[in-house]
Amino acid sequence: MALERLKRDLVKMGSLGRHNGSMVESYEELSVDNGLWRLEGSELSKASKDYLVQKMKEAELKVRYDSIGNIFGRKEGADPFKKAVMSGSHLDSVKNGGQFDGPLGVIGALEAVRTIKEEGFEHSRPIEIAVFVGEEGSAFERGLVGSEVLSGNISLEQGLNLVNNEGELLKNALSGYRGNFNLDLADIEYFLELHPEQGPVLDTEGFSIGIVENITGLSWLRVVIEGEENHAGTTPMKMRKDALVRAADLVTFVHEKAQEMAEKTAGSFVATVGKIEAHPSATNIIPGRVELGIDIRDTRLDNIETFKEAVNERVEGFGRTPGIKTKCELLINKPPSLCSKEVIETVAKAARELDLAAIKMSSGAAHDAQNLAGKVKTAMIFVPSVNGISHSPWEWTDWDDVDKGVRVLTRAIKELAR
Ligand code: HGY
Ligand code: MN
Ligand code: MN
């Protein structure tokens, strides 16, 4: 394991996510307006894939692209007919995000394979590195796209025809990173994803390694409220059909209902209105249309279902006012998923052998791993997020924790690939 090479690739990958190309090597160099904007389909996204594929080829991996644009890099084992060990994550970022969410799992898997190769470690199973398309949903309508298509949860057509904020289809935004290789999950035995925790547990409890036992359920709702654009000066208050006033009510409703649900269930329930776009968004025009994105999560599916019903009811209520129309669409609907005991124990053993304190935990973040967990024996390895922050320009994982995470990943891959 070469920490310097791993760090070089992660810092370079970070620079390929910033419009100013700046290389950030330490927490102190972070700044609030220098996050990553590597949205799927962007020029930055293409540059990062170019770099990754170049590194995969330097490591003499067989590089292949599937029809939704997932990228795979394969190192053969002694027995090519054995089911493979797969490891990877995503390269796309959220808006103004951090440089570890996604690339840590991709470059970490690459470093594990480079180490295995340089050590001449004999393994029977093939090892496949996977880079999934559009995990964050920060450009196209929804997230987890590449792993949803790979696991058959959504069709290839549904994935390819997703639209981004500029009205571009995903199939036209993959800048050549699409092919006709289609990996069959029946050929994969194990999947491991290394990822920053993105929450406060490891950082506050002082652990370097988290072993994920279950991954949160996740639903995304897209709510559209339509009223009537009109003049802000001449339209009497009682004649208005103001979409934004109703959207404001919905934001408060979601927040208060989520607090109530979290207290009632004393669990991991959370809900967020992360996106709100008023049209035409001019100070002197009564907003005629508002689109809201609502993110709902829990490790218990029944709580998510109850909450979705409550939101639907609230939205339908707006529609009972003449002149107000509403629509509530389900964009993502993922049940909570359990990880494989066998892979969890393999990771725990690797951490023990490396004399690293590890704890088993849940993931409040969604991941490509949850799409694979239903079909392939899957687990995740977490490393601390400094101050528990992620999806933010302040996202950071200390290099010694990166080092520990990749060493545990490498050891676990070796064990599973024997
Ligand atoms: O939203 C999530 O939980 C993940 O970081 N995409
Ligand atoms: Mn991620
Ligand atoms: Mn993320």
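Leaving aside neighbours within four places in sequence, which residues is Val32 in contact with? Here are some close-ups of this predicted model, starting with that residue.

**View 1. Val32 and its contacts from elsewhere in the sequence.** With neighbours within four places in sequence set aside, Val32 is in contact with Asn96, Pro393 and Trp394. The residue sits in the loop that runs between helix 1 and helix 2 (43–58). Its relative accessibility comes out at 52%, and since the cut-off for exposed is over 50%, Val32 counts as exposed. For a sense of scale, take Leu52: Val32 and Leu52 are 20 residues apart in sequence, and their C-alpha atoms are 26 Å apart in space.

**View 2. Helix 3 packing on helix 11.** Two packed helices are described by the angle between their axes and the distance between the axes. For helix 3 (residues 103–119) and helix 11 (residues 399–417), the angle is about 60 degrees and the axes are 9 Å apart. That angle makes helix 3 oblique to helix 11. The crossing of this pair is right-handed. On the helix 3 side, the contact is made by Leu104, Gly108, Ala109, Glu111, Ala112, Thr115, Ile116 and Glu119. Helix 11 brings Val402, Val406, Leu409, Thr410, Ile413 and Lys414 to the contact. Sort the residues of the helix 3 and helix 11 contact by class and you get eight nonpolar, three polar and three charged.

**View 3. Helix 1 packing on helix 11.** Here helix 1 (residues 3–15) packs against helix 11 at about 110 degrees, with the axes 11 Å apart. The two helices are therefore roughly perpendicular to each other. Helix 1 also makes a right-handed crossing with helix 11. From helix 1, the residues that meet helix 11 are Leu3, Leu6, Lys7, Leu10 and Val11. Their counterparts in helix 11 are Trp399, Val402, Asp403 and Val406. By class, the contact of helix 1 with helix 11 has seven nonpolar and two charged residues, with no polar ones.

**View 4. Two cysteines, Cys328 and Cys339.** A disulfide is a covalent bond between the sulfur atoms of two cysteines. How many disulfides does the model have? With sulfur pairs required to be within 2.5 Å, the count comes to zero. Cys339 has a relative accessibility of 9%, and because buried means under 20%, Cys339 counts as buried.

Terms used. Residues are numbered from 1 along each chain as its sequence is written. Chains are lettered from A and ligands numbered from 1 in the order in which they are written. This is a predicted model: local features need pLDDT of at least 70, side-chain atom pairs count only at pLDDT 80 or more; totals for chains, interfaces and linings use all residues. Side-chain values use heavy atoms; hydrogens and water are left out. Buried means under 20% relative accessible area, exposed over 50%, partly exposed in between (1.4 Å probe, protein chains only). Axes are lines fitted to C-alpha atoms, for helices over the stretch in contact, and angles run from 0 to 180 degrees between N-to-C directions. Helices (H or I, at least four residues) and strands (E, at least two) are DSSP runs, numbered from the N terminus. Angles under 35 degrees count as roughly parallel, over 145 as roughly antiparallel, 65 to 115 as roughly perpendicular and the rest as oblique. A crossing is left-handed if the near helix is turned anticlockwise from the far one by less than a right angle, and right-handed if clockwise. Contact means heavy atoms within 4.5 Å. Ala, Val, Leu, Ile, Met, Phe, Trp, Tyr, Cys and Pro count as nonpolar, Asp, Glu, Lys and Arg as charged, and the others, Gly among them, as polar.
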